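Dear colleague,

I am handing over the structure below, together with notes on what a search of its atoms turned up. Please look at the sequence and the model before you read on.

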Amino acid sequence: MGIPTYAPHPVPGLPARVRIYEVGPRDGLQNEAAVVPAEVKVEFIERLVAAGLRTVETTSFVHPRWVPQLADAAEVLARLAPAPGVRFPVLVPNERGLDRALEAGVQEIAVFGSVTETFARKNLNRTVDESLDMFAPVVARAREEGLQVRAYLSMCFGDPWEGSVPVERVVDVAARIMSLGATELSLGDTIGVATPGHVTALITSLTEAGIAADDLAVHFHDTYGQALANTLAALGSGVSTVDAAAGGLGGCPYAKSATGNLSTEDLVWQLHGLGIETGVDLSALVSTSVWMAEQLGRPSPSRVVQALAKELTEV
Ligand code: MG
């Protein structure tokens, strides 16, 4: 028995196609308690590609002292089979990380900044200004080398220490990081507190400030159950790149580090229901997340994986 399908019901004004930026292997596994062997990571990434995902953030060249889960970055990249038309971006914190990424032959990197001072201090041990100074040579050299550069901005909708984050502050930091030469900006709701009106207001302000909606991506966490509502608001504001983690990885309900990445399956269910193309085979994706959950020794927190896993195993 296959998974059930239902006729789509399109809504005017939404994009015809959404590019899903899959973050499970990096953002997901980085925030899981278990350390997964390199061969499992490689199989995971290859299964995501086989399921139709065309951008899969693969790993991180952050020092293994900070992210031991991804200490095998170079090995994973070396073992990945080339996949025409698929992008495998990697996270790069600084110039040393860029050196390692270039050695590994990557075509796209991501840098990660914060719009709030407290999180910049805690995550990067720098002020916001200092972190932008650190990114400047990384972005410049990456672009000289012909790489695409995504910039993540954390805490765009609220900060656990500072509370509300003004839209103007996000626009200011976003404009500065784009002026360094970043080619894409991912707006992170790091603690999952955004609601749809806030999403619309921020995207409107960013586009009014001259940042094209085509250069924006949204990165929602489902901590408060708002990720899909926020996604729909972003699509209605012209954004057509959405970050998600297969199986909701990184949102382990049993770990204190739970951050609740939007699950790719939940996203795909909504998009396909809206008649929006993703290129993703939902059945293959759910099977991959069921398999990955077995590797991690705990069930997927994704509602769609939970709903469909049973359909896939019943014959
Ligand atoms: Mg995340």
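**Aromatic pairs**

Tyrosine 6, with a relative accessibility of 63%, counts as exposed (over 50%; buried is under 20% and partly exposed lies in between, with a 1.4 Å probe and protein chains only). Please bear in mind that this is a predicted model, in which local features need pLDDT of at least 70 and side-chain atom pairs pLDDT 80 or more, while totals for chains, interfaces and linings use all residues. Residues are numbered from 1 along each chain as its sequence is written, and side-chain values rest on heavy atoms, without hydrogens or water.

Tryptophan 269, at a relative accessible area of 37%, is partly exposed.

Another pair, between phenylalanine 157 and phenylalanine 220, is tilted, with 6.0 Å from centre to centre and 50 degrees between the planes. Phenylalanine 157 sits in the loop between β6 (148–154) and α7 (167–179), and phenylalanine 220 in the loop between β8 (216–219) and α9 (227–236), so here the parts tied together are 63 residues apart in sequence. Phenylalanine 157 is buried at a relative accessible area of 5%, and phenylalanine 220 is buried at 1%.

**The magnesium site**

Which residues coordinate the magnesium ion? The donors are Asp27 (OD), His219 (NE2), His221 (NE2) and Asn261 (OD1), at 2.0 to 2.2 Å (N, O and S atoms within 2.8 Å of the metal, or 3.2 Å for Na, K and Ca; water is not among the atoms, and sites may look incomplete). Written along the sequence, the spacing of these donor residues is D-x191-H-x1-H-x39-N. Aspartate 27, in helix α1 (residues 24–30), and asparagine 261, in the loop between β9 (241–244) and α10, link distant parts of the chain, being 234 residues apart. Both aspartate 27 and asparagine 261 are buried.

**The pocket and the cavity**

The largest pocket has a volume of about 1,100 Å³, and 33 residues line it, with Gln30, Val67, Phe112, Phe119 and Asn123 lying nearest its centre. The elements that contribute two or more residues to this lining are α1, α4 (95–103), α5 (117–124) and β6, and the largest share, four residues, is that of α5.

One cavity of 30 Å³ or more was found in the whole structure, and the volume of the largest cavity is about 50 Å³. Its lining consists of Phe44, Ala246, Gly247, Leu249, Ser289, Met292, Ala293, Leu296, Arg298 and Ser300, and helix α11 (residues 282–296) supplies the largest share of that lining, four residues.

On a 1 Å grid over the protein atoms alone, a 1.4 Å probe fits in a cavity but cannot get out, whereas a pocket is open, with protein on both sides within 12 Å along at least five of seven lines; lining residues have an atom within 4 Å of a point. Points join across faces, edges and corners, and volume is the space filled by probe spheres set on them.

**Contacts across the sequence**

Leucine 70, in the loop between β3 (59–60) and α3 (73–79), counts as buried at 2% relative accessibility. Its C-alpha lies 6.4 Å from that of threonine 59, although leucine 70 and threonine 59 are 11 residues apart in sequence.

Glutamate 39 has its place in helix α2 (residues 38–50) and is partly exposed, with a relative accessible area of 45%. Between the C-alpha atoms of glutamate 39 and valine 76 there are 7.6 Å, for a separation of 37 residues along the chain.

Where does glycine 238 lie? Glycine 238 is found in the loop between α9 and β9, and its relative accessible area of 36% makes it partly exposed. Glycine 238 and leucine 14 are 224 residues apart in sequence, yet 7.3 Å apart in space from C-alpha to C-alpha.

With kind regards

Methods: Phe/Tyr/Trp six-rings, centres within 6.5 Å; stacked < 30°, edge-to-face > 60°.
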